[in-house]
Amino acid sequence: MTISDRLGLADRLRALDDRRVQLVTRPRQWWNGLPKPVQWVAFGAFAVLLVLLPILDPPILSTPDSDFPTVLFIVGVYCLAALGLNIVVGLAGLLDLGYVGFYAVGAYSVAVFGSPSSQLATAYPWLVCVPIAIALAMVAGVILGAPTLRLRGDYLAIVTLGFGEIVRLTALNSGVLGGAAGISDVPAPPGELADGSRLFGVIDAKPYYWLALGLIFVIVAASRNLERSRVGRAWLAIREDEDAAELMGVPTFKFKLWAFAMGAAVGGLAGAVFAGQQGFINPESFIIQLSILFLAAVVVGGAGNRLGVVVGAILVAYLPERFRELAEYRILVFGLALIVMSVFRPQGLLPSRRRAVELAARQDQVEAGVNV
Amino acid sequence: VQFLLDNFWDLSVTGLTQGAIYALIALGYTLVYGVLRLINFAHSEVFVTGTFASIFVLHAFGLGSDDPVPSAGMVVLYIAAAAVGAMVASAATALVVERVAYRPLRRRNAPPLVFLISAIGASFAISEAFGVLVDRNNVRVPNLIEPQTQFHLFGASVNNRQLLIVAAAIVMMLCLDQFIRRTRLGRGIRAVSQDPDSAALMGVNKDRVIALTFILGGLMAGGAAVLYDLQFGVTRFNAGFVLGIKAFTAAVLGGIGNLRGALLGGLLLGLMENYGSAIIGSEWRDVVAFVFLIVVLMFRPTGILGESLGKARA
């Protein structure tokens, strides 16, 4: 290949990249240009639409082969988990392949403390179990983080992967946690309907979906504020360049530990909600592939951008359910889709603005012939 | 603990056998990491391809899963043929993965996380392809070796299968080591892993070296696949997942990017797993492996021998 060929290729790549960036930035600018009240009305209408989604049951979106509200709920749980993982991977830049471990800790806390049939038999109500679940997940995050966060990059990845497996195998092999059979009679969230039946029943998944939706809004708002706080700026600094951050006086270890703990807390919350809806959990629900799906959701959507992460989670959780008739091939197709995604949109579907700039810089480096 | 003491040498022999297979797969991770600084998550599927390829070769020879063990001369021939088939298939898979999932990303200088996702995609796709095209259940391997105790080592019986696995693994690793240390292509690999840009300036064809690295990793995985088939007698479309994680653990344990580290890490991991599961029960085997990894990394953050595909002459 001659040099001029190479330059031609680079130009084409650049044009392609520009178009991509524009595609993302133009709607954003348009949105930001709208007057505030219009933004609020549009946002409100969108929120109402989301709330009504399981009742409307729109024909194209609806899942013919499984209960639509249940699918929506599962998608919601994925969104929660992906938002939590986004704090660790997207903001602080720590590669965590064992995130399912925190999710499992949350779910198991609710089951062990809440279920009358667990050996502990404290049978606390769901609302009491959730803070316990979040606290225990945070503790797990600190326990995992304290010895391992001094490792870098890929070492951290394998250690966290191992942690996820340790959690699952511990649940599988210890009697208190129910072993392979799992724990049943996990408490559901409280609340009664007018006719005295439980709001969070077994059959209807709509209330669970609304619960998950509400939590997603809360977590999105919280992580948005967190990102703009001192802690969030520290995380971004660590992600960009850990050594430079340390030199500038950011206590990197402390903030990395915080990222782990915060991410774990959200993961624990997602697990607690999941356990409440299922009413029954066993180690099968917490296989390591789930962490990989969560990570795929974060990266596919655009690491670091909350909206992108939610979109990624929707894709990862919803598409396999929607196309259940292709059951044989759906993971195969999913795998191929991940490759295609990575090759054509390395920055994710909706990249964070900061990331988009970084990627553009990397692209320039390619053209200048500097290989990193 | 008494059980461990009573059966120490038996456990060591089985641990070394298991560890030899880990080590061979770990070499693939370590080679790619040394050159590209990324986890080739699809390497476990490169290995699985080998396990299926060797079964296809054996079936092509007309061997069924329930046939009796053939005569000794034929066994050697069959194993050799299966090994060649597995190594070619694995190396080809590795090369395809590199072309499809990595090279386009390298061209665009994508961030490392995206390589990981692309590799995970490749891993899912290949393993599911086997699930869809071949079978989702266990696939049995034709019987080739009837384990017979050959001799005793400190009271532990060593059978011919274990002997073959450990010997074959060591021979393959020695060949690889010599290849990297002595040949021109090996020098290219070391150069790129030390400093890709300088190597490119010195006239090393980086893309070719990277492809070669994937091929070498694939060859090792193919060898491991045949040994795995002989040892366990079955394979599965998703057999690579756990084994891949273990092998990667072994690579990190020894110091990723370091060939001798992979050997040491693999053997150590096999041994520790066996000792650990003898003490607290075999259901905790994987927990022992990962806890061991975490403990080692706490004291040696870059693995036992450190990262050094380029730096040390290995």
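This is a predicted model: local features need pLDDT of at least 70, side-chain atom pairs count only at pLDDT 80 or more; totals for chains, interfaces and linings use all residues.
Local features were kept at pLDDT of at least 70 and side-chain atom pairs at pLDDT 80 or more, while totals for chains, interfaces and linings use all residues. Residues are numbered from 1 along each chain as its sequence is written, chains are lettered from A and ligands numbered from 1 in the order in which they are written, and side-chain values use heavy atoms, with hydrogens and water left out.

Chain A comes first. It has 14 helices and 2 strands, taken as DSSP runs numbered from the N terminus (helices: H or I, at least four residues; strands: E, at least two). Of its 372 residues, 50% are buried, where buried means under 20% relative accessible area, exposed over 50%, and partly exposed in between (1.4 Å probe, protein chains only). Counting contacts as heavy atoms within 4.5 Å, residues 24 or more positions apart make up 75% of the chain A contacts that have a separation of 6 or more. The accessible surface of chain A is about 17,000 Å², and carbon and sulfur atoms hold 67% of that; accessible areas come from the Shrake-Rupley method with a 1.4 Å probe, and for residues only the protein chains shown count as cover.

The structure has 6 cavities of 30 Å³ or more, a cavity being a set of points, on a 1 Å grid over the protein atoms alone, where a 1.4 Å probe fits but cannot get out. Helix H6 (153-173) of chain A and helix H10 (240-254) of chain B each supply at least two lining residues, and H10(B) gives the most, with 4. The lining splits into 10 nonpolar residues, 2 polar and no charged. Here Ala, Val, Leu, Ile, Met, Phe, Trp, Tyr, Cys and Pro count as nonpolar, Asp, Glu, Lys and Arg as charged, and the others, Gly among them, as polar.

Charged pairs are next. Over all chains there are 12 salt bridges, each a side-chain nitrogen of Lys or Arg within 4 Å of a carboxyl oxygen of Asp or Glu. In chain A, Arg168(A) pairs with Glu165(A), with the closest N and O atoms 3.1 Å apart. The two are separated by about one helical turn because they sit 3 residues apart in helix H6 of chain A. Arg168(A) and Glu165(A) are both buried.

In chain B, Arg260(B) forms a salt bridge with Asp177(B), the closest N and O atoms being 2.7 Å apart. Arg260(B) is partly exposed at 40% relative accessibility, whereas Asp177(B) is buried at 11%. Arg285(B) and Glu273(B) also meet in a salt bridge, at 2.7 Å from N to O. Since Arg285(B) lies in helix H12 (residues 285-299) and Glu273(B) in helix H11 of chain B, the pair ties together parts 12 residues apart in sequence. Arg285(B) is partly exposed, at 25%, and Glu273(B) is buried, at 0%. Elsewhere, a network of salt bridges links Glu98(B), Arg103(B), Arg106(B), Arg107(B) and Asp207(B).

Ala289(B), in helix H12, is buried at 1% relative accessible area. Beyond neighbours within four places in sequence, Ala289(B) contacts Lys246(B), Leu269(B) and Glu273(B). Asn274(B), in helix H11, is buried at 7%; leaving out residues up to four places away in sequence, Asn274(B) touches Leu11(B), Thr14(B), Gly15(B) and Arg285(B).

Arg37(B) has phi near 60 degrees, a positive value in a residue other than glycine. Arg37(B) is found in the loop between helix H2 (8-36) and helix H3 (43-60) of chain B, and is partly exposed at 42% relative accessible area.

Terms used
On a 1 Å grid over the protein atoms alone, a cavity is a set of points where a 1.4 Å probe fits but cannot get out, and a pocket is an open set with protein on both sides within 12 Å along at least five of seven lines; lining residues have an atom within 4 Å of a point. Grid points are joined across faces, edges and corners, and a volume is the space filled by probe spheres set on the points.
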